[in-house]
Amino acid sequence: MADNEVVISKSWIWNWFSWSGSSSAMLRAAEKKILSCLKTAYRGWYVDIGPVVGSADKIWTISMNEESPETPILMLHGLGAGVALWCMNLDALASQRPVYAIDLLGFGRSSRPVFSNDGKKAEEQLVRSVEEWRREMQLEKFILLGHSMGGFLAASYAIQYPKRVQHLILADPWGFPEKPVDVVSKMHVPMWVRVIAFVVQPLNPFWAVRLVGPLGQWLIERARPDIVQKFSPIVENDVSVISQYIHQCNAQTPSGESAFHAMMQNFGWAKNPILKRIDKLDPDIPMTLLYGSRSWIENAGETIKQSRPYSYVNVQVISGAGHHVYADKSETFNKYVLEACKMHMWSGFVSPAGSRERIREPPSTSS
């Protein structure tokens, strides 16, 4: 009896540490439950993009209002998220044009290949996966919307494939400014915080979610109850489905998360920040930047305006919103995105003298 107890004990310990609590079926069910709140019909399927990083990569995709003749909008989520977290935006955006939202390669329900450990190469792999998705979908051009890490990748994509982007919309984008040299002294970071940061630096951002195994959902609910509550207006009957979805997105193999780790510098900054190469972005691509007034992300709007003096750059700070600006103030966010979508491609205004004038407002157009 004692030997059996030892075996059971060892088995229990092994199961605890080996089981992350991840389940593709649970992720699918949580996503379906969240998206059931939508009023607009949608379809979801895998787009086979071939051997971009792995041997046969697939991108999980949802679409709405595909029959519309308007230019579609493509939505790229942030770190640790997936298509379902756009649930407060999809209906509004799909009311006027086709909408596509994808789980980025390495995230959500998409394939989870092994990315390069080199930050620039990992970024190139992620950007190429978006381009291969576009080619497979046979979309000539789209409006590109990205949040946080998705905003970083959207900007990188627009730099590399300018002819495919009609309008670049960035929601609280990560990875734009360079890391300040004296950031620690300026922020007065305590020594114990520096020590912890140094110790966990080699680890992926969501390592703790996987470490606690089946308690991952509980950890998310305790550590970030604010994120869960943001979605209460749309999933009021079962708000726990949000934490379940986030847990399932991050309990699996940390493939895309490892790519982010390779691209990041102390989490808050990118090793290859966008502002260092913003001059390579085609000046004819209009930009709309939406920041939350309470976000931890640094507002790079004025710097971008100065770097693109003859391009359309619209910067909006949404009062009362944090980093998850699309959920904190969804109605305001949707309004600004819809306004940006109505802008057609433009080449700036050429004055009679032949020089480009600095334009802050879009030219008068109709949708």
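Which residues line the second largest pocket?

**Figure 1. Lining of the second largest pocket in the predicted model.** The residues that line the second largest pocket are Cys 37, Lys 39, Cys 87, Met 88, Asp 91, Ala 92, Pro 233, Ile 234, Ser 330, Glu 331 and Asn 334. The volume of this pocket is about 270 Å³. Two helices, H3 (90-94) and H15 (330-341), each contribute at least two residues to the lining. H15 provides the largest share, namely three residues. Sorted by class, the lining of the second largest pocket comprises six nonpolar, two polar and three charged residues.

**Figure 2. The largest cavity and its lining.** The structure contains one cavity of 30 Å³ or more, and the volume of the largest cavity is about 30 Å³. Its lining is formed by Gly 106, Phe 107, Arg 112, Arg 210, Cys 249, Asn 250, Pro 254, Gly 256 and Glu 257. Helix H11 (240-251) and helix H12 (255-263) each supply at least two of the lining residues of the largest cavity. In terms of class, three nonpolar, three polar and three charged residues make up this lining.

**Figure 3. Helix H4 and the residues at its ends.** Helix H4 spans residues 119-137 and has 19 residues. The distance from the first C-alpha of H4 to the last is 27 Å, close to the 27 Å expected at 1.5 Å a residue. At the start of the helix, the backbone nitrogen of Lys 120 has a side-chain oxygen of Asp 118 within 3.2 Å. Gln 138 follows H4, and the phi of Gln 138 is positive, near 60°.

**Figure 4. Asn 266 in the loop between strands E7 and E8.** Is Asn 266 buried, partly exposed or exposed? Asn 266 counts as partly exposed because its relative accessibility is 38%, and partly exposed denotes values between the buried limit of under 20% and the exposed limit of over 50%. Asn 266 and Lys 179 are 87 residues apart along the chain, and the C-alpha atoms of these two residues are separated by 8.9 Å.

Terms used. Residues numbered from 1 in each chain as written. Predicted model: local features only at pLDDT ≥ 70, side-chain atom pairs only at ≥ 80, totals over all residues. Heavy atoms only, no water. 1 Å grid on protein atoms, 1.4 Å probe; cavity = no way out; pocket = protein on both sides within 12 Å on 5 of 7 lines; lining within 4 Å. Points joined across faces, edges and corners; volume = space filled by probe spheres on them. Helix = DSSP H or I, 4+ residues; strand = E, 2+ residues; numbered from the N terminus. Nonpolar A, V, L, I, M, F, W, Y, C, P; charged D, E, K, R; others polar. Expected span 1.5 Å × (residues − 1). Polar contact = N/O pair within 3.5 Å; in protein donor to acceptor, adjacent residues only side chain to side chain. Buried < 20%, exposed > 50% of the residue type's maximum accessible area, 1.4 Å probe, protein only.
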